[in-house]
Amino acid sequence: MTVPVILAGGSGTRLWPLSRELYPKQLINMYNRHTMLQNTVLRLSDLEGMDAPLIVCNDVHRFMTAEQLQLIQVVPRAIILEPAAKNTAPAIALAAIQLTAQNQDPVMLVLPADHRINDVSAFHRGIEQGKTLADDGYLITFGIVPDTPETGYGYIQKGSSLEDNVCRIQRFVEKPDLDTAKSYLSSGDYCWNSGMFMFKASTILKELTLLAPDMVDICRRAVANGRQDLDFFRVDQAIFDQVAADSIDYAVMEKTEKGVMVFLDAGWNDLGSFDALWQTEKKDTHANVIKGDVLVHDVTDSYINAQSRLVAAVGLDSVVVVETGDAVLVSPRDRVQDVKQIVNQLKSRG
Ligand code: GDD
Ligand code: MG
């Protein structure tokens with residue numbers, strides 16, 4: 001049996017002001033009528049051997065998360081609520097602990113809730129291949145052939161071939177700097193880490209116990225002292241607060257020797273920035289992506305999104321303009337990752 005574990009607790013800061021702390025990108029419909037969370041779950045619907053999904057999300061998003069699943073008639077296996085965002089490693093630990101506590105040891109298919117995948121059949125084939133490798137005790141990543149020196153991704157250096165379409169991981173480097181990313185890209189020796197993983201619950205718990213024993217210990221106690229609250233499972237707040245935030249990429253994937261990579265050619269994209277949205281959306285004849293009530297003259301290669309008012313732009317190239325009811329973002333398209341800095345300033349303003 002495979003349990004999809006959906007990581008839906010991020011805040012999507014690089015898509016501010018569309019994505020907000022209380023209304024993050026996984027709960028928004030970015031490219032079709034379903035939200036990113038709904039698309040993540042629906043993408044699995046005709047895949048054999050899949051159990052109901054287990055969702056791990058932040059306490060503050062619980063009602064929207066539950067409602068969005070209800071709307072697509074999906075009854076989750078569980079919704080685990082985190083009282084604080086501690087990044088992906090503790091979220092995966094909580095899921096693995098809960099799954100094994102029920103005296104089971106399923107394969108976990110860990111899926112971020114912020115991806116777009118165009119070729120769902122290719123994605124399903126990758127998962128089927130990943131399942132048999134996970135049963136054999138490997139930690140599976142899904143690698144994407146890179147086409148830009150993206151610094152927001154993890155990079156996986158290909159090792160020896162294990163079977164058709166699968167190789168060992170020679171090296172895993174999470175979010176390198178630009179020069180390093182450029183050298184990886186030109187070497188042809190690296191794939192992007194798609195951020196989706198497969199492993200048996202017992203395998204990831206063993207690796208986490210080896211590499212981050214305190215995290216596992218705290219998460220075990222947070223689950224043991226947690227409680228069911230209607231449809232939600234609340235981990236103990238005071239205990240979970242003690243866990244150090246870390247991503248699974250830094251905590252495990254950079255260090256483990258059990259990693260393998262399944263090559264995935266499925267039209268994958270992490271809609272992690274407005275530039276990624278520009279890349280994946282349909283463009284007009286001037287290579288602009290226009291959303292909402294927008295008038296342009298002599299504008300090229302730009303992403304312009306008007307949510308509540310008319311937006312007019314003249315004589316611009318490669319920019320991002322995003323207008324919402326209470327905030328407007330303007331940035332060159334190649335600097336738009338830095339919107340994180342604005343979100344940090346907003347946080348410190350309180
Ligand atoms: N439950 C929970 N709790 N989920 C979280 C938390 C948390 O504290 N933090 C993030 N998530 C969710 C996000 O909502 C998203 O669905 C997923 O976990 C991944 O987090 P991101 O913050 O989007 O990670 P990233 O995009 O910067 O990097 C990861 O994905 C890249 C590909 O998209 C890494 O795995 C990279 O190596 C990878 O290349
Ligand atoms: Mg992401």
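This is a predicted model: local features need pLDDT of at least 70, side-chain atom pairs count only at pLDDT 80 or more; totals for chains, interfaces and linings use all residues.
**Ligand 1**

- A backbone N or O atom of Gly154 lies 2.9 Å from an oxygen atom of ligand 1, and an N or O atom in the side chain of Asp270 is 2.4 Å from an oxygen atom of ligand 1.
- Taken alone, ligand 1 exposes 730 Å², of which the protein buries 90% (areas by the Shrake-Rupley method with a 1.4 Å probe; for residues, only the protein chains shown count as cover).
- Around ligand 1 there are 26 residues, and the closest are Glu174, Lys175, Asn193, Asp249 and Asp270 (a residue is near a molecule if one of its heavy atoms lies within 4 Å of it).
- Two or more residues of this shell come from each of helix H3 (88-101), strand S9 (190-200) and strand S13 (helices, H or I with at least four residues, and strands, E with at least two, are DSSP runs numbered from the N terminus).
- Strand S9 gives the most to the shell, with 3 residues.

**The magnesium ion**

- The protein donors of the magnesium ion (ligand 2) are Asp114 (OD) and Asp270 (OD), at 2.3 to 2.7 Å from the ion (donors are N, O and S atoms within 2.8 Å of the metal, or 3.2 Å for Na, K and Ca; water is not among the atoms, so sites may look incomplete).
- Asp114 counts as buried because its relative accessibility is 15%, and Asp270 counts as buried at 12% (buried means under 20% relative accessible area, exposed over 50%, partly exposed in between, with a 1.4 Å probe and protein chains only).

**Buried residues in helices and strands**

- Glu207, in helix H6 (residues 201-211), is buried with a relative accessible area of 7%.
- The side chain of Glu207 makes a polar contact with the side chain of Lys258 at 3.5 Å (a polar contact is a pair of N or O atoms within 3.5 Å; within protein, one must be able to donate a hydrogen and the other to accept it, and residues adjacent in sequence count only if both atoms are side-chain atoms).
- Gln38 belongs to helix H1 (residues 36-42) and counts as buried at 5% relative accessibility; its side chain reaches the backbone nitrogen of Thr35 at 2.9 Å.
- Phe232, in strand S11 (residues 232-234), is buried with a relative accessible area of 5%.

**Backbone features in loops**

- The peptide bond from Trp16 to Pro17 is cis, with omega near 10 degrees, and Pro17 is in the loop between strand S1 (2-7) and helix H1.
- Lys175 is not a glycine, yet has a positive phi of about 40 degrees; this residue is in the loop between strand S8 (166-174) and helix H5 (178-187) and is partly exposed, with a relative accessible area of 41%.
- Leu230, another residue other than glycine, has a positive phi near 55 degrees; Leu230 lies in the loop between strand S10 (227-229) and strand S11 and counts as exposed at 70% relative accessibility.

Methods
Residues are numbered from 1 along each chain as its sequence is written. Chains are lettered from A and ligands numbered from 1 in the order in which they are written. Side-chain values use heavy atoms; hydrogens and water are left out.
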